[in-house]
Structures are given as C-alpha cells and as structure tokens.
Amino acid sequence: IGSYLIGLGLALLWFFTRHQWYSWILQDVLGVALMFNIYKGIVLKSLKALTILLILFFFYDIFFVFITPLITKSKESIMVKIATGGGANTGAKEALPDRK
C-alpha cells in the first residue's frame, strides 16, 4: 500500500506541476518506473526470446521514424509528428524545457 501511495503522490505532483520547466524530470522518473513494472510482468525464460523481442522493438521504431514518411500522403514521420505535437496547439509535445 505504501508504494501505491508514493506512486499516486508522484503522479499527482507531476500533474499539478506539469507546465513547469522541471516537470520533465519527474515525467522521466515515472516513465522508468512504468517500464520496470512492465518488464517485471513479462516473464521470458530465455535470453534468445528477450533478444528477439528487443530486435523487434528496434525495427518497430525504425519503421515508424524512417519508413512512414515514404508511405504516408503527408510525407511526415508519424513518430516525429506525435512527439512534436503534430501542429496542434495543445502544449503537449516533447521539447527541451525553457528555463524561464
């Protein structure tokens, strides 16, 4: 129960400070914690299976960054478009923080 309360507290702290320049640090911590939980839930009995999974993730990433511009009408990478906000003025995009 204690770890759930800590996790909830960190998520709420990020939610209320997400527009501050330093919120990316907490977002990275939450992302790493999420990945650890996901990896803890995946049970791979061999190094071969893990290697195949990581290679597939690698090619998945290459496809969405470098191949999708070749097959989409807009000639833009889907990953880059999503990461940079896609032209939407929502404030939700990946960028280096401003130290204002």
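User: Helices (H or I, at least four residues) and strands (E, at least two) are taken as DSSP runs numbered from the N terminus. How many helices and strands does the protein chain have?
Analyst: There are 4 helices and 0 strands in the protein chain, and along the sequence the pattern reads α-α-α-α. Do keep in mind that this is a predicted model, where local features need pLDDT of at least 70 and side-chain atom pairs count only at pLDDT 80 or more, while totals for chains, interfaces and linings use all residues. Residues are numbered from 1 along each chain as its sequence is written, and side-chain values use heavy atoms, with hydrogens and water left out.

User: Thanks! What share of the 100 residues is buried?
Analyst: Buried residues come to 8% of the 100 in the protein chain. Buried stands for under 20% relative accessible area, exposed for over 50%, and partly exposed for what lies in between (1.4 Å probe, protein chains only).

User: And what part of the contacts joins residues 24 or more positions apart?
Analyst: Of the contacts with a separation of 6 or more, 11% are between residues 24 or more positions apart. A contact is heavy atoms within 4.5 Å.

User: On to the helices. At what angle do α1 and α2 cross?
Analyst: The axes of α1 (residues 2–17) and α2 (residues 23–41) cross at roughly 150° and come within 10 Å. Axes are lines fitted to C-alpha atoms, for helices over the stretch in contact, with angles from 0 to 180 degrees between N-to-C directions.

User: Left-handed or right-handed?
Analyst: The α1 and α2 crossing is left-handed, a term for the near helix being turned anticlockwise from the far one by less than a right angle.

User: Which residues make the contact?
Analyst: Helix α1 brings Leu10, Ala11, Leu13, Trp14 and Thr17, and helix α2 brings Ser23, Leu26, Gln27 and Leu30. By class, that contact has 6 nonpolar, 3 polar and no charged residues. Nonpolar covers Ala, Val, Leu, Ile, Met, Phe, Trp, Tyr, Cys and Pro, charged covers Asp, Glu, Lys and Arg, and the others, Gly among them, are polar.

User: New topic, rings. How many aromatic pairs are there?
Analyst: The structure holds 4 aromatic pairs. Rings of Phe, Tyr and Trp (its six-membered ring) pair if their centres lie within 6.5 Å, and planes under 30 degrees apart are stacked, over 60 edge-to-face and the rest tilted.

User: Why is the pair of phenylalanine 15 and phenylalanine 16 edge-to-face?
Analyst: Because their planes are at 80°, with the centres 5.3 Å apart. Phenylalanine 15 is partly exposed at 41% relative accessibility, and phenylalanine 16 is exposed at 65%. Phenylalanine 58 and phenylalanine 59 also form an edge-to-face pair, 5.6 Å centre to centre with 70° between the planes. Phenylalanine 58 is exposed at 51%.

User: Which residues do ring pairs link into a cluster?
Analyst: Tyr60, Phe63 and Phe64 are linked that way.

User: What sits over the ring of phenylalanine 15?
Analyst: The charged end of arginine 18, 4.3 Å from the ring centre. Sitting over a ring asks for NZ of Lys or CZ of Arg within 6 Å of the ring centre and within 35 degrees of the ring normal.

User: Let's look at serine 77. Buried or exposed?
Analyst: Serine 77 is buried, at 8% relative accessible area, in the loop between α3 (47–71) and α4 (78–83). Leaving out residues up to four places away in sequence, serine 77 touches Phe64, Val65, Thr68 and Pro69. From serine 77 to isoleucine 67 the distance is 7.6 Å, C-alpha to C-alpha, across 10 residues of sequence.

User: Where is lysine 75 placed?
Analyst: Lysine 75 is in the loop between α3 and α4, and it is exposed at 56% relative accessibility. Its phi is positive, about 60°, although lysine 75 is not a glycine. Most residues other than glycine have a negative phi.
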